[in-house]
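Dear colleague,

I am passing on to you the structure that we spoke about, and I would be glad if you read it alongside these notes.

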Amino acid sequence: MELTNEMELKAHLIETDPSFRALSEEHTAYDRQLVELENKDHLTDDEQMEEVRLKKLKLHAKDQMRAIMAQRMATTS
């Protein structure tokens, strides 16, 4: 899949698919929280555990989004 097509599909799904949009919003929220943690000089043990948890959640959301995109591409081919 070309990058342009992938970006177009993602934009289309964000506009038309509520579950995809929710996943995209979750992914963005996790990213914002991770940026906040990364901007700290030092992380407590709890913050380090939270960072790992957020990275896993962010990756899971991305994987689900990719699966939806792959399924959509397969049905339109």
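This is a predicted model: local features need pLDDT of at least 70, side-chain atom pairs count only at pLDDT 80 or more; totals for chains, interfaces and linings use all residues.

Residues are numbered from 1 along each chain as its sequence is written, and side-chain values use heavy atoms, with hydrogens and water left out.

The chain has 3 helices and 0 strands, where helices (H or I, at least four residues) and strands (E, at least two) are DSSP runs numbered from the N terminus. Read from that terminus, the order of elements is α-α-α.

As for overall shape, the C-alpha trace spans about 50 × 20 × 15 Å along its principal axes. The radius of gyration of the chain is 15 Å, whereas a compact globule of 77 residues would have one near 11 Å; this radius is taken over C-alpha atoms, and the globule rule is 2.2 Å times the number of residues to the power 0.38.

Helix 3 covers residues 45-76, which makes 32 residues, and reaches 47 Å from its first C-alpha to its last, close to the 46 Å expected (1.5 Å times one less than its number of residues).

Of the 77 residues, 25% count as buried, meaning under 20% relative accessible area with a 1.4 Å probe and protein chains only. Those buried in helix 3 include Glu47, Glu51, Leu54 and Met65.

How values were computed. Buried means under 20% relative accessible area, exposed over 50%, partly exposed in between (1.4 Å probe, protein chains only).
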